[in-house]
Amino acid sequence: MTKFTDLKLDPKVLKAVIEAGYETPTPIQAQAIPEALEGRDVLGIAQTGTGKTASFTLPLITRLSRGRARARMPRSLVLAPTRELAAQVAENFDVYAKYTKLTKALLIGGVSFTEQDKLIDRGVDVLIATPGRLLDHFERGKLLLTGVEVMVVDEADRMLDMGFIPDIERIFQLTPFTRQTLFFSATMAPEIERITNMFLSSPVRVEVARQATTAETIEQQLIELTPTRRDRAFSEKRAMLRSLIEAEGDACTNAIIFCNRKIDVDVVAKSLKKHGFNASPIHGDLDQSVRTRTLDGFRDGTVRLLIASDVAARGLDIPAVSHVFNFDVPSHAEDYVHRIGRTGRAGRSGKAFTIATPSDDKYLAAIEALLQKKLPRGVPPEGFAEAAAESAARPERKRDGDRPERSERPRRGERKPRGERPPREAVRETAEAPVEALAEAIVEAPEEAVPAPVTELAAAKPARDEMRGDRAERERGDRGDRGERNGRGRRDRDRGRDDAPVVGMGDHVPDFLMREFRAKAS
Ligand code: AMP
């Protein structure tokens, strides 16, 4: 079996790797590192958790250990779709480059431009960035990409989901064609294939694990829930979640709870807290410092339950999670695999519960088709009936009353000329308050107290297409709100076709029509 000592890594890098406690490269590392060290382009098809970060960081540091950085001309570029992923790459770099003199800068939203400019001005060897922020710096004339020797694209499939591909193409074009490219993606969608054909030069393709496999060490259970009333589905799902967590007891040391929509992330977190659980939300609308604090708390065990959206959690390196709960069945089958992959890592055992209502049938069918097996059905824990009765006794605002994340959507004619536009970060920050406040209202208020306009009810219909639009909205938070660039234009067009909110009654059925009337006995 290959050892790190067999790879031709710089001795300083090797020392840091050994000190980090790693002796044997993971399969993606064993395959990718020698090729990357030879200077070849690498197309790595690997999911997070496979050790892919080190598979590009180690050869990158080795290659850069000779030579010096020049002002404003980074020698390498690592692009990651979200701030957390970029920050994670930066942490990896710090670990593996600690015996070298290499410098890095992290260009992500939520960090002041001035600080970042200073670093770039001094000259950096490694620039780690999200695409939007990188182009912001470039457009401000603070950065030249003509000195880039190595360019890494991490989680390309997520970049695609987030509409970043046009940005990536542009960045590729700004770097010299003689650069080495290390490109990683969990899946190879046709658009990704196109980009790699265009910008990679005779890449060696390294692949680990089949797409859509779930680890053997994860015990999966599907908990079917038929709500007693349509408008109680949301609160009964929360009751089910509480009873599942309680039934697991101490075995559930920590868990990630996934919701499809970020407003639900907030509502579920608040509801759990209200019931005495140690829970915190994480999604793209939260301030960066809050997200960092929450994640640190989850890593060190001070936060037990992390309620997350797919984007916020994707790719995060959280080593030992005992449980995953899918509060919602994911509307994209591959997200199921990513979600439950948060547990059962590195041979540890883990449990994944998915709460499904009859309206999830088609998503469930898609997941089972992807996995090529039926999910084992579990039974609701004993505590569920009691928890549901407790929820019923305290009426909460019904799910159809959840407002869409309207505050985040650009209104027609609102776009300001470029010079007047606030920095993207400022835009992102303003989106935070309404979602928070709304979540509070949903958890706190009895149904009658927060009437929602009919148009909102119609727009809140959780149809698949809207889920897709909603997903893009959620992701906008993570990508630093780079609304005006080309990726957005395309999304808006798509939304116009697929996700236009229904004005009027839409598919919403008013409650009085749903009521049962019993004929009076004569
Ligand atoms: P990644 O896929 O890059 O997010 O890495 C997932 C986890 O694997 C991280 O916690 C790494 O620190 C860890 N890791 C990376 N390389 C190795 C290795 N060779 N042996 C064991 N764990 C590793």
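The chain exposes about 22800 Å². Carbon and sulfur atoms supply 52% of that area. The model is predicted. Of the 522 residues of the chain, 56% count as buried. The fold contains 22 helices and 14 strands.

One annotated span lies at the start of the chain. The UniProt record, an unreviewed entry, lists residues 2-30 as "short sequence motif: Q motif". In the model, this span is 45% helix and 0% strand. The C-alpha atoms at the ends of residues 2-30 lie 7 Å apart.

Helix 9 shows how burial can follow the geometry of a helix. This helix covers residues 190-199. Ile-192, Ile-195, Thr-196 and Phe-199 are buried in helix 9. These four residues cover an arc of only 95° around the axis, so they sit on the same side of helix 9.

Buried here means under 20% relative accessible area, and exposed means over 50%.

The cover over the buried residues of helix 9 comes from several elements. Among the helices, it includes helix 7 (156-161) and helix 8 (165-174). Strand 1 (42-45) and strand 6 (180-185) are also included in this cover.

Conventions:
Residues are numbered from 1 along each chain as its sequence is written. This is a predicted model: local features need pLDDT of at least 70, side-chain atom pairs count only at pLDDT 80 or more; totals for chains, interfaces and linings use all residues. Side-chain values use heavy atoms; hydrogens and water are left out. Helices (H or I, at least four residues) and strands (E, at least two) are DSSP runs, numbered from the N terminus. Buried means under 20% relative accessible area, exposed over 50%, partly exposed in between (1.4 Å probe, protein chains only). Accessible areas come from the Shrake-Rupley method with a 1.4 Å probe; for residues, only the protein chains shown count as cover. UniProt positions are given in the numbering used here, feature names are shortened, and annotations may be inferred rather than shown by experiment. The arc is that of the directions from the helix axis to the C-beta atoms. Contact means heavy atoms within 4.5 Å.
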